[in-house]
Amino acid sequence: MTIEDRKTELDLQARPPVARTATDVRKKIADARARGQTIGLVPTMGALHAGHLSLIEHARRRDAFIVVSIYVNPTQFAPHEDLSSYPRPFADDHRQCADAGVDLVFAPTDEIMYPPGDETRVQPGALAIGLCGPHRPGHFEGVCTVVARLFNLVAPDFACFGQKDAQQALIIKRMVTDLQYPIEIVECPTLREPDGLALSSRNAYLSNEERMRALCLYRALSAGRESLLKGDAAERAATIMHETIAQSSPPDAIDYLVAVEATNLQAVTEATRRVLLAGAIRIGKTRLIDNLLVDLPPLRT
Ligand code: AMP
């Protein structure tokens with residue numbers, strides 16, 4: 001390694017700085033505020049991919065001090081889920097943050113996020129009952145709890161979340177309103193592979209054969225969208241999604257595949273103008289989710 005290479009390596013190691021404690025993150029953010037900067041937070045569990053980078057890019061467009069949190073939150077995983085095997089490529093994540101122009105990485109330990117004796121939880125309401133709710137008991141409570149704590153530690157002006165986790169984004173927006181956080185929630189579109197597969201850290205678990213089968217979810221959602229856009233009712237669109245997923249190389253299980261009102265995740269009614277087509281499937285040991293938002297054509301009078 002030349003001296004120049006070593007310098008570059010050291011540079012990358014130092015930038016962006018990594019805060020690991022509450023005191024450290026608060027201090028660095030106070031410094032940025034003192035410089036007059038607004039603060040944007042992009043919460044992640046790491047194993048960064050282009051989907052995460054697109055969130056960072058949205059934050060950059062707002063000319064803010066960008067904080068990316070990297071924390072695999074134990075309370076949002078059920079005991080049988082993939083907490084221990086979840087990928088944690090921190091050095092690579094840090095390098096990607098450097099390349100993306102992130103100002104600060106917040107990578108707390110479990111002891112920081114869940115202090116000894118911890119027992120307080122943030123409980124979401126009706127939005128957490130459907131879709132992923134019954135399949136991941138306690139998941140959204142874990143998400144709300146960790147996001148509330150991140151919001152308290154970072155106190156951002158805005159935070160970016162992906163439409164890829166549509167139910168999560170709705171629940172977080174509700175939490176921000178209900179708990180009166182002065183934080184704008186910026187929802188960013190889902191980034192996909194060229195063939196349509198939504199980018200996800202869990203795609204790394206898929207074998208080649210599973211990767212091919214994983215596309216069935218996007219195919220089904222797309223067929224549902226086509227059905228809605230040609231004027232079919234939501235029930236018909238849901239049927240078409242189920243038929244499509246059964247025809248193509250099917251998944252090992254379908255947790256759900258539904259067409260719901262996008263604002264409240266309830267059944268579609270005559271008043272619905274935006275439908276959320278959403279699904280969760282299992283391919284081998286991997287659970288994948290995806291969704292599409294469909295704006296219905298204006299009602300003819
Ligand atoms: P995660 O690390 O999976 O918890 O995701 C962190 C954030 O990135 C969440 O707000 C996700 O919705 C968002 N995200 C994950 N995958 C994508 C994607 N393919 N496109 C856009 N945002 C995404």
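Let me start with a term: a residue is called buried under 20% relative accessible area, exposed over 50%, and partly exposed in between, using a 1.4 Å probe and the protein chains only. By that rule Arg33, at 36% relative accessibility, counts as partly exposed.

Before we go on, a word on what you are looking at. This is a predicted model, in which local features need pLDDT of at least 70, side-chain atom pairs count only at pLDDT 80 or more, and totals for chains, interfaces and linings use all residues. Residues are numbered from 1 along each chain as its sequence is written, and side-chain values use heavy atoms, with hydrogens and water left out.

Let's begin with the ligand. How many residues surround the ligand? The shell has 16 residues, and the closest are His52, Gly162, Asp165, Leu191 and Leu199. A residue is near a molecule here if one of its heavy atoms lies within 4 Å of it. The shell divides into seven nonpolar, seven polar and two charged residues. For that count, Ala, Val, Leu, Ile, Met, Phe, Trp, Tyr, Cys and Pro are nonpolar, Asp, Glu, Lys and Arg are charged, and the others, Gly among them, are polar.

Which elements supply the shell? Strand 2 (39-44), helix 3 (50-61) and strand 5 (158-162) each give at least two residues. The largest share, three residues, comes from helix 3. Helices (H or I, at least four residues) and strands (E, at least two) are DSSP runs, numbered from the N terminus.

Now for the backbone atoms around the ligand. A backbone N or O atom of Gly162 lies 2.9 Å from an oxygen atom of the ligand. On the nitrogen side, a backbone N or O atom of Leu191 lies 2.8 Å from a ligand nitrogen, and a polar backbone atom of Leu199 is also 2.8 Å from a nitrogen atom of the ligand. Taken alone the ligand exposes 490 Å², and the protein buries 92% of that. Those accessible areas come from the Shrake-Rupley method with a 1.4 Å probe; for residues, only the protein chains shown count as cover.

On to charges. Side chains of opposite charge can pair when their charged atoms come close. A salt bridge here is a side-chain nitrogen of Lys or Arg within 4 Å of a carboxyl oxygen of Asp or Glu, and a search of the whole structure finds 21 of them.

Back to Arg33, then. Arg33 forms a salt bridge with Asp157, with the closest N and O atoms 3.0 Å apart. Arg33 sits in helix 2 (residues 22-34) and Asp157 in the loop between helix 6 (139-154) and strand 5, so this pair links distant parts of the chain, 124 residues apart. Asp157 is partly exposed too, at 29%.

Another pair is Arg192 and Asp290, whose closest N and O atoms are 2.8 Å apart. Arg192 lies in the loop between strand 6 (184-188) and helix 8 (208-229) and Asp290 in strand 9 (residues 286-295), so the pair ties together parts that are 98 residues apart in sequence.

Let me finish with some backbone. The 22 residues of helix 8 should span 32 Å, and the end C-alpha atoms are 33 Å apart, which agrees. The expected span is 1.5 Å times one less than the number of residues. Helix 8 is followed by Gly231, whose phi is positive, near 105°.

Most residues other than glycine have a negative phi, and most peptide bonds are trans. Where do we find a positive value in a residue other than glycine? One of them is Ala155, with phi near 45°, in the loop between helix 6 and strand 5. Gln180 also has a positive phi, of about 60°, and is found in the loop between helix 7 (166-178) and strand 6. Ala155 is partly exposed at 38%, while Gln180 is exposed at 66%.

Conventions. A polar contact is a pair of N or O atoms within 3.5 Å; within protein, one must be able to donate a hydrogen and the other to accept it, and residues adjacent in sequence count only if both atoms are side-chain atoms.
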